[in-house]
Amino acid sequence: MMKNTLKVVLLTSMLPFSASADEGLTPWYVGTGVGINNYEPNCDLMTMKTCSKDDPYAWDVHGGYLFNENFGIELGYLDLGRAEWTDYSNKSHDVGARGLSLGLVALFPLANKWSITAEAGAMNYLIYNKKQWHTEYYSDSGVAPYVGAGIGYNFTDNLMLQAKYRRYENLDEKQWNTLSMESNYWGLALNYRFGTAAKPAAKPAPIAPAAPGDADKDGVNDNIDKCPNTPMTHKVDAKGCSVYEFVTQKYDLGSILFDNDSSVIKPGAYSDVEILVSHLEKYPQHTVVIEGHASNVGTPDYNLLLSERRANAVAALVTSKYKINGSRIKSVGYGLTKPQMAGNSAEAHRLNRRIEAIVTGTEKRVVLR
């Protein structure tokens with residue numbers, strides 16, 4: 001029996017190209033290849049004593065037609081080389097196979113100009129030998145099926161190199177009933193496809209996009225406007241949203257009057273205190289300064305202390321009775337320094353014995369154009 005060793009080879013192959021069937025490329029291609037073949041004779045036959053080496057070098061020429069981008073048919077002629085063996089009478093023999101092949105191919109394109117193929121067909125083989133040892137003349141023919149697979153690379157749209165393997169079955173010699181062989185064939189093929197690939201159509205000039213609109217007329221285009229429908233009177237930022245500012249304002253919530261030389265809140269003044277409390281409850285961010293004052297009766301130092309007691313009395317009432325947080329309330333006495341009415345008349349004295357509630361609040365307001 002001959003050695004059953006797989007040999008890396010240059011392979012003949014029927015290969016369609018991985019390039020697509022563009023208008024300028026024809027479906028026809030031709031190629032040639034060289035390879036190495038390893039026969040597998042059945043050494044269990046009684047006529048064989050020793051399987052010797054193969055003379056493995058093989059070659060082929062072929063041509064094909066592509067039905068579409070993935071399938072085609074190929075016709076070729078190939079010579080698989082020769083094998084040698086010794087029979088039981090110690091006579092040396094040689095034999096080879098050659099002939100026409102016809103098969104179908106399937107192409108599977110890969111990325112970057114690579115492709116893989118699968119094939120199946122039959123070889124109309126002829127068994128022959130050189131009779132170099134003056135032995136029997138072997139001459140027989142038959143049909144041997146084969147299958148194969150390969151991988152290829154397109155250097156250009158027309159030129160492709162492929163490596164491939166084929167397995168041939170039933171290469172039998174029936175005249176002497178001596179040989180029953182299979183074949184493993186490895187090789188490289190260079191294929192040429194006729195025609196010229198059509199150039200890709202020129203890309204049309206890009207159409208400039210329409211300028212974005214400004215539906216709310218705020219000066220910011222709609223494609224970047226994060227606050228559509230902003231009033232036209234509002235000043236806006238770069239995103240089209242209204243700009244706000246914080247404004248601090250003071251509110252005079254009126255006076256509470258006291259009797260002469262007294263810091264006691266009169267019952268009738270509670271309604272005025274509740275006006276202050278209601279405002280502070282409605283606007284929890286506001287604070288109040290309770291300012292105490294006195295009339296021009298007595299010494300300035302005494303009236304300063306009296307004005308402070310009046311302011312403290314109102315502050316204490318607001319925190320204890322109405323539960324307003326003391327951190328929002330400040331009391332201060334001004335004595336005689338800020339009279340509401342000048343002079344020493346009875347009316348001036350009455351109006352100056354007072355406290356005033358000055359509320360401060362910071363308001364968020366939209367900025368207008």
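Lys266 and Asp259 pair up in a salt bridge, with their closest N and O atoms 3.6 Å apart. The term covers a side-chain nitrogen of Lys or Arg within 4 Å of a carboxyl oxygen of Asp or Glu. Lys266 is partly exposed at 32% relative accessibility, and Asp259 is partly exposed as well, at 41%. Here, buried means under 20% relative accessible area, exposed means over 50%, and partly exposed is what lies in between (1.4 Å probe, protein chains only).

A quick word on the model: it is predicted, so local features need pLDDT of at least 70 and side-chain atom pairs count only at pLDDT 80 or more, while totals for chains, interfaces and linings use all residues. Residues are numbered from 1 along each chain as its sequence is written, and side-chain values use heavy atoms, leaving out hydrogens and water.

There are seven salt bridges in the structure. Here are some of them:

| Pair | N to O distance |
|---|---|
| Lys266 and Asp259 | 3.6 Å |
| Arg166 and Glu74 | 3.8 Å |
| Glu169 and Arg167 | 2.9 Å |

Take Arg166 and Glu74, whose side chains meet in a salt bridge. This pair ties together distant parts of the chain, 92 residues apart: Arg166 sits in strand S8 (residues 159–173) and Glu74 in strand S4 (residues 71–86). Strands are DSSP runs of E with at least two residues, numbered from the N terminus. Both Arg166 and Glu74 are buried.

Then there's Glu169 with Arg167, another salt-bridge pair. Glu169 is partly exposed, with a relative accessible area of 28%, whereas Arg167 is buried at 19%.

Note on methods:
Helices (H or I, at least four residues) and strands (E, at least two) are DSSP runs, numbered from the N terminus.
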